[in-house]
Every structure is written in structure tokens, then in C-alpha cells.
Amino acid sequence: MELKDKLEILADAAKYDASCASSGAPKRDSVDKDGLGATNGMGICHSYTPDGRCVSLLKILLTNFCVYDCQYCVNRRTSNVPRARFSVDEVVKLTHDFYLRNYIDGLFLSSGIIQSSDYTMEQLVDVARRLREDHQFRGYIHLKTIPDADPRLIELAGRYADRLSVNIELPTQDSVTKLAPEKSVHTIKLAMGSIRARLDEKDDHPKAPVFAPAGQSTQMIVGADASDDRTILHTAQTLYGSYKLKRVYYSAFSPIPQSPSSVPSAPPPLLREHRLYQADFLLRGYGFTAKELMPAAGNLALDIDPKLGWALANRAHFPLDLNRADESMIARVPGIGLRTAKRLIDLRRLRRIRWEDLSRLRCSLKKLAPFVITADYKPAQGAASSDLLRRNLADAPRQMNLWPELQAA
Amino acid sequence: MMAVRRAVDTFAEWREAARELLVHGIPPEQVTWSAPHMDDLLAGGDLFTGAPPAAEASDNPSIPPPPTEPPDEPLRPAPHIPRSLMEMLQAAACCRVPDRWAFLYRVIWRWQQGEHDVQSPADEDGARLHAMVKAVHREEHDMHAYIRFRERPEEAGPPRFVAWYEPRHDVLPQVAEHFVSRMGKVSWMIATPEASVLWDGHTLHNTGPLVRDAADLEDTGEALWLTYYRSVFNPARLNTDVMHQHIPSHRWKNLPEAKIVPQMVSEAALGARKVGQYEAVGQRKGTTIPIAPDDAQPERQQPSKLDECRRCELWQFATQAVGGEGPKRAKIMFVGEQPGDQEDLAGQPFVGPAGKLLDRVCEAAGVDRDTIYVTNAVKHFKWEPRGKRRLHKTPVQREIEACHYWLDKELASVKPTVVVALGATALKSVLRTANVTLKDSLGKPLRHEGRWVVTTYHPSYVLRVPGEEAKRAAFNTMVEGLKLAHDLLHRPTETPDA
């Protein structure tokens, strides 16, 4: 099989994976050095595909042969898909050639499970080792780890990779048991725990050998099982707290060819995925807890963003006097982000905040109007019911417009 | 009023000029700034053909005469400009707007006058300054991201890789640095309509403007990239708005993948009512993997019975259940509260800071820790989120009761003579009642269900209690408790049960 044909199959198989971040690596450069590659901690998206996802890494599978039978996965063993397998050399060369042309920031390598977990993991580690040691490659490397693999292999993976990930795939143990019979949440958690233990060790002993400096991440598929957003966010929160994950990625389930009847035949609204990312950001950046965002069972509202949803459900905190409130509360106002909150605090040291300042800071004025007090402004809607405000502030119903091309077809 | 003229082309020149003007106290209204080289570039020269600018800028007679001498006024001290502002000014200076130097001087003048909110985006000038900086950073970012190198044949000599780009702001120098650090000793060239840089593997060379042909080469590597780009696209998620939002339209014309986007979009739209990728996958001959489900299941660490416990809800948030550890026939059993953050990861009781303290207590009491069986009243870690950490949360009576099942099993199998309850939760659990306080039971051994029960602090309490004095006292209490437990091993057990 030609390299091009393999690439077609093995990149295709990776398109269900949402994560493509290349941030968080320590600064490295190749000035006056042999080899190639630099990282500046930020990560760069080098292109965007028409599905709106970025391309920052060469994201491929080493092979899509797989002995597992995960129902949501196109490469499950019972799926009748074309199969291919890269050699270690081929992956190394592709990464190198793409990197030189500035198509990518590095490699994100995952794999179907062949022969055994340990064998598969050894192959993944070997690619990373060859890149780092034989080719002095200093770009970003993200390895998907196989949870069942020997912890020593995971440790070795962390030596070469910037980031490791263990995918939890589904938010509850029951769903995993049902849809991914060969996987177990127990092993997945243990694998995440062992990575975190190594990361802690590295923090405590800075001179210890490098271990996954960009931390670990995971991915959850949304809409393949019946779990609601509340369950998903609570699981995410548990994972963040327990395993110091850098990110949880949410990937709306894509129906797959010859789909088994155990998974739905229609995808969830992409907007649901988007709302989960917004809520996730509130967990990580704003100090919200999952319980605050989702006090009851159900899904996040699609017509309003989760922060606005929280504010409407917690009117007692508002309107908030921007000249008095502390930074973390200001950041909880709909339409004001973390950076703006900080800027307002900085500005407050110089003078009192006025309505015009909010406009210059490019806040979403319509959204924040009912929730703030400034030196020259008090909201008229102070007493308006949350239902009424919601009707005024909600995005116009436009879910169908998310796929204008589909509409046109 | 004296009008002053200044001609500058670079930030360094502007900085010199601005400093001099500030020292002489000349307000922005009196200064006319010109940028001989840039004005030419903006006025003449076709950006797309890369025709060189009209003439040597500084010799152009249409340029105003050299600056007049500033008026004789008392000199002011040179301004102290904070680094953050200077960095913003330097970045904004790369922004191609005709009045950039005048604007920057107004900002720095206002700062000098004590108007420090000129640096805030809430100020009118500040907002513009921030916007200019943002535009420049965006341009740098885009150039880092969307430059595409093509490979030249090896026999053609350096540069091995060439790229064409049309930057909107003057960011080529800083962008060149980025690629120097990225490409190592590989030689490359970036050509733009205004200027070009060549990296020979060791040194950067600035060269003049070039035409696009310089970078229009056949490169077989590009075909693989297009294959990859096409294959990672998931037609079921077609969402071109986001794509366009991230790559502005003027960038697309120089991106190789732009050529295949329209076809990808229309194919996806046509096949939209089917499952997006069905067709692509269906074209090839597929393979299922003939393997029995049992063989696919690899050997791995199976959860223990304890791990499968669902007697309360705590299992959901813990990594694993943590059972007891120690000799199977230990005479003394420590019962703690519950595993903590470290124990939850390790799957062993008392391995964290509290465990270390427990070691010290044993040592001080002269008891060999290895002879003691150590366990917890509750087997799953209970916690609540606090930022990105897990904060220990005391288990409630219901959870303690649910976990009796496991503690009873341990007590029945180890058959300790003395149980040391570490802290209130352990005490409640061991005595099976909520109506008991740590304070009343400290140092008073009890008979319970045919065993001695000694109560002492939990090691975490010793770690947490404020004040050196209190810490030492609590530590000693624990040591006493352990000594007592040790003595009880040899005491007759006729005392009636408590």
C-alpha cells in the first residue's frame, strides 16, 4: 500500500478525535542545533478544516486494526472498514516532512489495539523515541496511552511526549461497560492516577527526568449514550480534581457507517458540544463548580450560554456594583470575561468605572446590562423576571443554521 | 507656536526623536511626523507584482526639509516609561497605519503629562493602541501559522525551503526569528512584496522585495498534506463559518489547501443526508478483525471485590477503594477516617503526609509499625472540588455505616486485641454510634465487642492544628495513645465491656 493510501485511512480514522492542542510544552528551540523544532508554550493552529476544527498536529493512528469492539468507534473489530498500518519509519518521516513545511506543530499519535496493549504501547513509544533521539525533533508530541499497558511503558512515553492522554470516552461506568466492553473505567482511572502520580513526583523533584511536561488530557464522547450534561460535567470535574488534567475534550458523537444499533443513528446538536466547552471553561477558569452550573439533572440550555444561565438562576447576586465587587465576582457577570474583569480592577485603581468604559472594553453590553451597576448606570430591568430577561437575551433560535450548507443541499 | 518635523522609519529612530521632543516639552500638535520609506511603499509600488518602491526614500525631494530646531525652553527630565507601555508602543509601531508615529507620540506625551489611563483599553487612545497591538500580534500569529514552505531540489543549493507571504504589518523581522528557532540548520527563505529574509542555516540575511514566482515550486510533499487535510475533515460536522472565522479570507489565496476546500464543502453538502463519511469509507474493501471477544479482553488489573462496592455513592468520585494493609494476624489495628488524595491514587492506606506522621508516632512510642494493621473506617476517598484540587470532606454517618461491612470483615479476619481509633470518625465507626465524642474518649481505653478500643487524634489533626505548642501536645497525645495500646496487649481482659 502506498504511503498516500495509508495516510488517507489512518488520518480518516483520527477525525473523530476532538483534541488537537499543542500548548503547554516547555520552551524549546533548535537555534544552532542539529535536528528540528521549537515550542513556545502556546501552540499554533496551522489550518482549519471545513468542519471548523483546527489542524495543529499531524493526528494519525499508527494502525486502525483493533481487537476492541467499542460500539461508537469506526475501527471496532466488527466494523468493515479498510485497514492499514504505518511503519514506525513512515510516521517519523511524515512528521518531519510536514513540520519542515510548517503544516504542523508536531505529532499526535494514537492507535488501534493490536496483539496486546503492551505491544501497541511499545510501538507508540518507539515512534516518539525515534523522533526525539534519532532525529532530535523538538516539536510537540502527544501520545495516546493505552490504559492497560504496563506502567513502565507509560513512564517511558512520558519521557518522550509532551502530553499524554487516556481517553475515558464515556462519562459513566455503566455506559463504558455497555458500549466499550473491553474497556473499564477502573483501569482508565488507574492509568490517569499513575500519570498524575508521576507529574506530582516531577513537581516535587525538579531534577527528576522529564515527564509529560504538558500534562495529561482526556476525551469524552457526547451523545453516544444517554448521559446528560450534568453527569458529563460532574465527571469532568472529578477528572480535573483527581488527575490534574489540563483539558477534557468533548466530542459530539458522529454516527458511523454500518453503525451498531447500540448507538444512536443521529448526532447530537453540535451546539451541545459547544455549550459543554463553555461550561468546562467556567469550571477551569472561573471557579464555578459543576453543581453551580447544573444543580439539577438535564442538559445545558442551548439558547443561552452557561454563564448567562447561571446568572439568571442566581439573580440575588445581581446587579453587581463594578466599583465594589471583587474580581472573581465581576468575571461571573455575563458578557464580562476574565481579562476584562482584570482590566476593570486595574482601571478602578485610577478612577471610577463608567458605562462607557464597558463599551470601550468591548463587553457584550446587551448581555451585561441587567447585571451591573456603574458610577453612572443602574439597570432598569433590575426587577424584570428571569424568564423575561432570558427571552430578551437568548440567541435567536438558530440551531439549524449551524449547518448552512446542509440546509442549502 | 513652533511646528516641528520629524522623519523616522524605525521604532528606534522614533524613540530617539520622541525622547528629544519630550525633553523639550513639545506637544504632539506641534509635531509633524513623516515616514519617508514607508510612505513610498504605501503610496507607490504594486504589492502583488512586488515592483520596488519609487525611489530611494531619503533622497526624494518631495520629502519635507530636515526638522527645524526645537525652541529654546528649559529641558524636562527624560520620561520614565514603564516596560509594559514601551512594549506596547514597540508592537504598535509595526502596524501599517499612516499616522503611526504621530499617534505613538501622542500616547507617550499623555503618559508624560500624568494621564496614565492612556494605557488602558477603556481610554480612547488606549483602545486604539490596544487595537494596533492586537492587529500586529494577530499578523505575527497568522504568519507563524499560515506560511507554507515548499521544498527546492537539493542540487539547487540553499535555501532548501521557500515561502511566499503577504503580511499586512511590518512583522517580518520577528517572524523570521520564530522560524530560525523552529528550523534549526535547515536553510529557508521567506519572500514578501516588501522585503525578504534568507536563513542559510547560521545567519539571517535581509534581501529586497521579491515576486511570488520565487516560491511557486512543485513540491510532492504538498500532495501528502492535501491528502491529510482532506482525510481529517469530518463531513458530518460541516461548519464552514468557524473555518472562515479563524482564517481570514485574504489569507486563503496563498494556502495550498484552499484549492480543495470548495470541493470538500460541496461534496459534504451533497452527501449530507446520508451519514457524512459513509461514501468515502464504502469505496474500499474493508476488513473485520476475526477475534473472539474473550481473546480481545487483555489481562489487566481486575478490580477487587472492594472496588466493586456500591454501598454508597462515594465510589463514583474516587479512583479506587483502599483496603487495609498489614500482617494478617496483627495484634494492633489502626483505624483511620478515609483514604486521602495520595492514598486514592496509590491504593494504599496512610502513604501521604499523615502516613509519614504515623510512622514518627510509632517510632516515638517504640512500636514497630510493620506489626500493625492499618485501615480506614471509610474505604473510598470523599472530597469536594476546590479549584483544581480535591479537598477532603468528612464522611457522614450514612457512609460510615455503609462501610461497616468492610471494616467488620477486616476485624473478623485480623482479630486484633487492640483497635486504635484515629479521630472522631474512626471512633464513631468502631463503636458503631454517632453519640460519642473524641474529647471524652481520649486516653480512656474501652472494652467493645471483646476488644480494647483506644482513642487518639488523627495524624492529620496533628499536621493541621495551628501553633507549635499545640502540635507537640497533639503528637505526644498520639504517642501516649499508642503506648497505651501496646500496654493493653498484655493486660487481662476481664474488665466488663464498656
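Residues are numbered from 1 along each chain as its sequence is written, chains are lettered from A and ligands numbered from 1 in the order in which they are written. In this predicted model local features need pLDDT of at least 70, side-chain atom pairs count only at pLDDT 80 or more, and totals for chains, interfaces and linings use all residues, while side-chain values use heavy atoms, with hydrogens and water left out.

**Exercise 1. Describe the interface of chain A and chain B.**

Step 1: take the area. The size of an interface is often given as the accessible area lost when the parts come together. Buried area is that loss (1.4 Å probe), summed over both parts. Here it is about 8400 Å², and carbon and sulfur atoms give 58% of it. On the chain A side, Tyr48(A), Pro50(A) and Arg101(A) lose the most area to chain B, together 9% of what that side buries.

Step 2: look at the polar links. A polar contact is a pair of N or O atoms within 3.5 Å; within protein, one must be able to donate a hydrogen and the other to accept it, and residues adjacent in sequence count only if both atoms are side-chain atoms. Between the two chains, 35 residue pairs are in polar contact, both residues at pLDDT 80 or more.

**Exercise 2. Find salt bridges across the interface and within the chains.**

Step 1: set the rule. A salt bridge is a side-chain nitrogen of Lys or Arg within 4 Å of a carboxyl oxygen of Asp or Glu. The whole structure has 65 salt bridges over all chains. Seven salt bridges cross the interface of chain A and chain B.

Step 2: pick one that crosses. Arg101(A) meets Glu151(B) at 2.8 Å, N to O.

Step 3: go inside chain B. Arg251(B) and Glu139(B) form a salt bridge at 2.4 Å, N to O. This pair links distant parts of the chain: Arg251(B) sits in helix α9 (residues 249-252) and Glu139(B) in helix α5, 112 residues apart. Helices (H or I, at least four residues) and strands (E, at least two) are DSSP runs, numbered from the N terminus.

Step 4: check burial. Buried means under 20% relative accessible area, exposed over 50%, partly exposed in between (1.4 Å probe, protein chains only). Arg251(B) is buried, at 5%. Glu139(B) is buried too, at 4%.

Step 5: follow a network. Arg390(B) and Asp341(B) meet at 2.8 Å, N to O. Both belong to a salt-bridge network that also links Arg196(A), Asp200(A), Lys244(A) and Asp344(B).

**Exercise 3. Classify two aromatic pairs.**

Step 1: set the rule. Rings of Phe, Tyr and Trp (its six-membered ring) pair if their centres lie within 6.5 Å; planes under 30 degrees apart count as stacked, over 60 as edge-to-face and the rest as tilted. The count is 22 aromatic pairs over all chains.

Step 2: take Tyr99(A) and Phe137(A). Their centres are 5.1 Å apart and their planes lie at 85°, so the pair is edge-to-face. Tyr99(A) is in helix α2 (residues 88-100), while Phe137(A) is in the loop between α3 (117-134) and β5 (140-144), 38 residues apart. Tyr99(A) is buried at 0% relative accessibility. Phe137(A) is buried at 1%.

Step 3: take Phe149(B) and Phe179(B). With centres 5.4 Å apart and planes at 80°, this pair is also edge-to-face. Both residues are buried.

Step 4: find a cluster. Phe98(A), Tyr103(A), Trp225(B), Tyr228(B) and Tyr229(B) form one aromatic cluster.

Notes
Buried area is the accessible area (1.4 Å probe) that two parts lose on being put together, summed over both.
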